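Morning, everyone. Please look at the screen.

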Amino acid sequence: MDESAERHGGTVADPITVTDAGPAPVRPTWRGGFGLLCSAAVLSRFGDALRSAALPLLAVSLTDSPLLVSLVTACGFLPWLVFGLLGGAVADRVDQRRAMWAVDILRGLLMAGFSVAVLLGHATIALLLGLAFTLTTLQTLFDNAATALLPCVVPDSALPTANARLMTGQQIAGSFVAAPLVPALLVLGIAAPFGVNAVTYLLAALLVAGVRVERVLREPRAAGATLRRDIAEGLRTLWRDRMLRVLCASEVFCNIGVGALIATLVLHVTGWLDAGETGYAAVITAYGVGSVVGGLVAGRLARLLGAPLTLMLGGALQVVCLVVLGLARSLPVAMAAMAAFGFVGMVWNVIHVTLMQQRSPLGMLGRVSSAFRTVSVGVTPLGALLGGVVATAWGLNAPALLAAALFLLGVVSLVPAVRRPEVGGTPSTAA
């Protein structure tokens, strides 16, 4: 993920891959840019979780066609395949802070209009499909801009901790604040969660607008540069950086497995474990708790073991968790397995985002992250399809075992990064 390459205009060691040497870790200060950016991200995640919980319920009330209901979810993935690379290229060209608050204002207005339509009884499946597609299209710009903005707000050595705090806050907001609130909001009507989501977007826009940028990490645009050329540079940079290339290949395998698991987990718990909806809620809660704990220790583990080794050991632990989940017919065991799975998953996410931020050449973080995300999201629907096929052919526990096999392939693909960690110390220059 070359030793003499420049990162952000200077030559430095990669703090997340250093174990015994290098600068001491720095904690991000809450005041100023990071506090506002983190608060905005957590608030947006809270609103997104409300919408994500209410949208399927609204879809089911509008149609009894499983195909149409599934299309609502599909429209939440499709824009990443169509516009993901473009969103990253645009994020590198514009002021990321302005792009983020502008997108949030637009998303807030869209959600406000949608909530009014629902309130007045004018919601249709076509409107849901259009909303899901439009919101995710805007998200391709927002997420890539957010990834590129964080290194402008906190020092390089504080990125692991900053990413961990941000992701942990989002997990808490989504799993432990928004989820219990949805039933209470639904008492007010099906439009209530969407109205609250609109307010969270608008408030988040105000927070992002107040972010103070400590440094601008953008190189002058080359004469004659086009979006097409920018996208190609981002893809080449991802491919030429050995650590990022290996990590991306590993995530392809793992995300196929995650897709298979997510698509069938409710069937696994309610059918294979015969634990009902309460058991499913317990398993999801255990996963959320594990994710939060993982976020609290992710930066420390990465500094102690180094990023490649942490990823590989974490991947191996996830394989064990999935095997246990697939074989044990006990709800407490399944909860423990999913808690451990969530713990390692959060550590993995923190490390891979931090590596992209630290290793991307000056002004290319948006394009590199979009290339990474486009590949990752693109294989998830394939995994969901495989999960359904495997569950039908070999039983409801088979997708978990399929996911274990795919995660094992992901771990094996990380071997080059662990065998030659010195090559992954610093990022490669732009092509």
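Start with two phenylalanines: Phe114 is buried, and Phe194 is buried too. Buried means under 20% relative accessible area, exposed means over 50%, and partly exposed is in between, with a 1.4 Å probe and protein chains only.

A word on the source. This is a predicted model, where local features need pLDDT of at least 70, side-chain atom pairs count only at pLDDT 80 or more, and totals for chains, interfaces and linings use all residues. Residues are numbered from 1 along each chain as its sequence is written, and side-chain values use heavy atoms, leaving out hydrogens and water.

Back to the rings. How many aromatic pairs does a search of the whole structure find? Three. Rings of Phe, Tyr and Trp (its six-membered ring) pair if their centres lie within 6.5 Å; planes under 30 degrees apart are stacked, over 60 edge-to-face, the rest tilted. Phe114 and Phe194 have ring centres 5.0 Å apart and planes at 85°, so this pair is edge-to-face. Phe114 sits in helix α4 (residues 96-119) and Phe194 in helix α7, 80 residues apart, so the pair links distant parts of the chain. Helices here are DSSP runs (H or I, at least four residues), numbered from the N terminus. Ring pairs also join Tyr287, Phe341 and Phe407 into a cluster.

Next, helix packing. Helix α10 (residues 276-305) packs with helix α12 (residues 331-359) at about 35°, axes 6 Å apart. Axes are lines fitted to C-alpha atoms over the stretch in contact, and angles run from 0 to 180 degrees between N-to-C directions. By class, this contact of α10 with α12 has 19 nonpolar, six polar and no charged residues. Ala, Val, Leu, Ile, Met, Phe, Trp, Tyr, Cys and Pro count as nonpolar, Asp, Glu, Lys and Arg as charged, and the others, Gly among them, as polar.

Now helix α1 (residues 33-62) and helix α6 (residues 159-188). They pack at about 35°, axes 8 Å apart. Their contact has 18 nonpolar, four polar and two charged residues.

Now Thr310, in helix α11 (residues 307-327). Is Thr310 buried or exposed? Buried, with a relative accessible area of 7%. Not counting residues up to four places away in sequence, Thr310 touches Leu301, Ala302, Leu305, Val347 and Ile351; contact means heavy atoms within 4.5 Å.

Last stop: Arg212, in the loop between α7 (192-209) and α8 (227-240). Arg212 is partly exposed, at 48%.

Key: Helices (H or I, at least four residues) and strands (E, at least two) are DSSP runs, numbered from the N terminus.
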